[in-house]
Amino acid sequence: MKDSVAVRGTGHARSHGGASPRTWSPGRVAGGLVLTAWAALFWLLLLTGRDDLYLSTRTSWVVPVGAALLTAAAAGLIVSARVRSPRPIGSREAWVMGLMVVPVVMILALPPATLGSFSASKRPGFSSAGFSGTPDGGSGPLTLVDVAGAQYSKAGEQTLARRAGEQVDFIGIVTRFADTPAGEFLLTRYIVTCCVADATTAQVRVVNVPPGKFQANDWVEVKGQIYPLGKQVIVNATSVEAVTRPARPYLTP
Amino acid sequence: MVDVAPSQPARNATVRTAALILAVLALAAGLLRILEPGRIAWIQAFLIVFGSLVVQAMPFVLLGALASAAIEVFVPVNALERLAGLPRPLQLPAAALAGVAFPICECGSVPVARRLAARGLTPSAAVTFMLAAPVLNPVVIASTFVAYRARSSLWTMVIGRFALGMLVAMVVGWVLGSRSKDEVLRPRSDEAHAVPVEPAPPEARWRRFFLHMGNDFLFMGRYLLVGAAAAAMVQTFLPASFVSKVAGTPVLDIGVMMGLATVLSLCSESDAFVAASFVQFGPAAQLAFLVSGPMIDLKLGALYAGTFRRGFLPMLVVTVFATTLVGAMWVMVVAG
């Protein structure tokens, strides 16, 4: 075992009733390192707030719980890695373990990003519990979740129609298609229930926009009056300003 | 990661192998940083969806591995053998209802089911549990309720999902019949060899616990990554609107929604919100999406392929789709 990754124990190895001394098991150490890499990823997601780029507020608990569990599992595996008869780890198995760390490297190496306008046409529109928070036609400021939910039920449409002309204040990304007029864009915000894989869209058509000022994927804040027209909702903008990406880029229903 | 003799002599990893792996990982990090593939829209969408799937699912795989290891180390063999001794008409409903008490998504239930079967529970009951748990657990039922609470189809969806999910899981168990674990489970190197690494004295329980946990996590984790990558690729390019063309075509719409659930690979705790967004489809098609999705999807397909023998997956796909289709058609007749 001239260059095996198995490391023979030194004076710390304890004998057990005359049995052979414990030495590091390469397999368990490697497994522990894979778990450690994943634990590190979860801690970093938690500490940097990047968990909001992948999960909704409903499921963000997965990250601290995952970080704690992965850490405990990694520690347990490494602490238990000194065995009496370690076997060498196969080369193929070692590479597979290395591949399991690739997503960790990928997430950590890439700059933080959110779904952009490319995905807007691939995702279904949001539809949920109807017109949340305003069952009788309403009060309180309208949100994009309210608007999107109302677009998919007759009662929601009617409720939203009663609020035509009200002032709204929405933040989202600029989405344009080939046939979008220069003075308009679609304001898109993704609604995530569990993780980004289940993202649905909330969209309103924004009119009265300065042509050429905003590009696809720009984050903007739109203020104006809302005019629901059946399943389409139009916002006549009185103000459109570029903003930085919100700390929580995805909405939760 | 196993401490058992490999079935065939294979090249062992050396310090050089470890160094090479670390170098490749470092190179990958550097290239990702320099090339910034996220500048290309579809690559960015793929990476985000893939990242979100693994970030969400990996802790559940670990939870499943922990539960699986606990079953292996702490549950006496005769406890499961007693369950296996129940008459089969009782075994399958009991296994399905056990899923109610297991609030974990589909990725976590696979290693648990595998361990249950390996430890003496009949494979039919273990698979019934595996399929039922992600559909019947209270978190999933609650999320279905929330997603449909403003719809007239609320109770059709909530009760239908519970009842049809349980039925489909039991039918799969019934089709498996009395097959033994050797006929159902794919052999794994850490379980295929009777000779333990450390024959005497036996390892302490906590050491065995972590060994089994690590083996299960690494085994399931790699398949999860493959499945998540496939699901993310499909999600990146498949426009959800394309399925709208068949909405309203009886039977075909049910089949299309089951196909969509398969490729989207959503978590069972969130899929009701996506199903509810397909308002062009009737309750029967949406119900089929909610029942078949947590049992058959791309990421699960990879997990199943690593866990079960070759014939299992086709049998599972045919049985789940056929039973769900028939069940959903009944719902269409009864609920309109």
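This section describes the confidence, the chain contact, the helix packing and the strand pairing of a predicted model.

Residues are numbered from 1 along each chain as its sequence is written, with chains lettered from A and ligands numbered from 1 in the order in which they are written. In this predicted model, local features need a pLDDT of at least 70 and side-chain atom pairs count only at pLDDT 80 or more, while totals for chains, interfaces and linings use all residues.

The predictor assigns the complex an ipTM of 0.86 and a pTM of 0.79. The pLDDT is the predictor's confidence in each residue, from 0 to 100. For chain A its mean is 83, and 85% of the residues reach 70 or more. In residues 1-17 of chain A the pLDDT is below 50, and this stretch has 34 contacts in the model beyond near neighbours in sequence; residues in contact are those whose C-beta atoms, placed from the backbone, lie within 7 Å. Residues 128-137 of chain A also have a pLDDT below 50, with 31 contacts beyond near neighbours in sequence. Chain B averages a pLDDT of 83, and 88% of its residues score at least 70. Over residues 192-200 of chain B the pLDDT stays under 50, and the model has 14 contacts for them beyond four places in sequence. Where pLDDT is low, the predicted coordinates should not be read in detail.

The contact between the chains takes 79 residues from chain A and 72 residues from chain B. On the side of chain A that touches chain B, at least two residues each come from α1, α2 (62-79), α3 (91-100) and α4 (102-109). Helices (H or I, at least four residues) and strands (E, at least two) are DSSP runs, numbered from the N terminus. Helix α1(A) gives the most to this side, with nine residues. By residue class, the side of chain A that touches chain B divides into 46 nonpolar, 25 polar and eight charged residues. In this scheme Ala, Val, Leu, Ile, Met, Phe, Trp, Tyr, Cys and Pro count as nonpolar, Asp, Glu, Lys and Arg as charged, and the others, Gly among them, as polar.

Across the two chains, helix α1 (residues 26-48) of chain A packs against helix α10 (residues 205-237) of chain B at an angle of about 60°, with the axes 10 Å apart. Axes are lines fitted to C-alpha atoms, for helices over the stretch in contact, and angles run from 0 to 180 degrees between N-to-C directions. The pair α1(A) and α10(B) is therefore oblique; angles under 35 degrees count as roughly parallel, over 145 as roughly antiparallel, 65 to 115 as roughly perpendicular and the rest as oblique. The crossing of α1(A) and α10(B) is left-handed, that is, the near helix is turned anticlockwise from the far one by less than a right angle. A:Arg28, A:Gly31, A:Val34 and A:Leu35 of α1(A) make this contact with B:Leu211, B:Gly214, B:Phe217 and B:Leu218 of α10(B). Five of the residues in the contact of α1(A) with α10(B) are nonpolar, two polar and one charged.

Within chain A, α1(A) and α2(A) pack at an angle of about 155°, with their axes 8 Å apart, which makes α1(A) roughly antiparallel to α2(A). Their crossing is left-handed. The contact includes A:Arg28, A:Gly31 and A:Leu35 of α1(A) and A:Val63, A:Ala67 and A:Leu70 of α2(A). Its residues divide into 16 nonpolar, five polar and one charged.

Within chain B, helix α5 (residues 106-118) and helix α14 (residues 298-307) pack at an angle of about 10°, with their axes 10 Å apart. The helices α5(B) and α14(B) are therefore roughly parallel to each other. B:Glu106, B:Cys107, B:Val110 and B:Arg114 of α5(B) meet B:Leu300, B:Leu303 and B:Thr307 of α14(B).

In chain A, five strands close into a barrel in the order β3-β4-β5-β7-β6, with mixed pairing; two strands pair if DSSP finds at least two bridges between them. Neighbouring strands of this sheet are turned by 55° against each other on average, direction ignored. Strands β4 (residues 184-191) and β5 (residues 200-207) of chain A run antiparallel and are joined by eight bridges, with A:Val207 of β5(A) as the bridge partner of A:Glu184. Strands β3 (residues 167-175) and β6 (residues 219-229) of chain A pair in the antiparallel sense over seven bridges. The bridge partner of A:Gly172 in β6(A) is A:Val220. Strand β6(A) is joined to the antiparallel strand β7 (residues 232-242) of chain A by 10 bridges, and A:Leu229 stands opposite A:Gln232 in β7(A). The hairpin of β6(A) and β7(A) has two residues between the strands, and A:Gly230 takes a positive phi near 65° there.

Technical notes:
Contact = placed C-beta atoms within 7 Å.
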